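Here is a short report on backbone geometry. Look through the loops as you read.

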Amino acid sequence: NNLKCAAISSYDAINSTNTKQVNVTSAVSQQTPIVYLTNPTNATWLNTNEIVLYYNITDSNNNLANSTLILNGVLNQTNQSALLNGQINNFTLVNLIDGTYTWTVNVTDTTNLIGTNTSYRTFYKDALAPNITLSKPAQNESFQVSTIQFNFTVIDYMDNILICNLTINNTVRDANFNSNNGSLTNRIINNIAPGTHLWNVTCIDEAGNLNTSLTRNFTIQDV
């Protein structure tokens, strides 16, 4: 804190005495609390029902009063425990519906100075696994060629592009390719040996939700 001093001096000639008066006042800094958003980083995908948002506060006066979470532009909650100056604090969100969220934190000190981080962050809550529908080959379909075209459609609640694997007889034959949400994906596999084969598709979205399709069989006749 800044100190302001005022000194008054007087001399009593009759009694030969000096009188001094010193007034000291404290001038509290008018600097607002500084708020840093730490985790999750911007544009993070999350798939858990409990989400923790971390932030750091620095207050030069060390007289923090409360903090408020602003979620999608609306006051969501205030702190339930004492704030730690110069350290990490957090808010916990439970059972959010899947969707896109923006967040920041307002912090108020005991002199009603309010600090806000104006750089809103975004996170995506997605707890639903993608759904995969196989198209071709059809169940029990037979071929007389060793090169087969496979196609399927993956549908995800939020993610636009998913990462997929195509598996034949428990071996991944086509790995980590992109599949557009809601669109038919075509993949060609060469040199499939004669016989009956099992195939399926596994896809994962940005939030880490993974799903595998039903398994179908097809047969390659002797070529």
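## Cis peptide bonds

Pro-137 sits in the loop between strand S12 (131-136) and strand S13 (141-143). Strands here are DSSP runs of E with at least two residues, and they are numbered from the N terminus. The peptide bond from Lys-136 to Pro-137 is cis, and its omega is near 0 degrees.

Pro-40 also has a loop position, between strand S3 (34-39) and strand S4 (44-46).

## How the model is read

This model is predicted: local features need pLDDT of at least 70, side-chain atom pairs count only at pLDDT 80 or more, and totals for chains, interfaces and linings use all residues. Residues are numbered from 1 along each chain as its sequence is written, and side-chain values use heavy atoms, with hydrogens and water left out.

## Positive phi

Most residues other than glycine have a negative phi, and most peptide bonds are trans.

Where is Asn-62? Find the loop between strand S5 (50-58) and strand S6 (64-71). Phi of Asn-62 is positive, near 55 degrees, and Asn-62 is not a glycine. Asn-62 is exposed, at 56% relative accessible area. Exposed means over 50%, buried under 20%, and partly exposed in between, with a 1.4 Å probe and protein chains only.

Asn-169 lies in the loop between strand S15 (161-168) and strand S16 (171-180). Its phi is positive too, about 50 degrees, in a residue that is not a glycine. Asn-169 is partly exposed, with 37% relative accessibility.

Conventions:
Helices (H or I, at least four residues) and strands (E, at least two) are DSSP runs, numbered from the N terminus.
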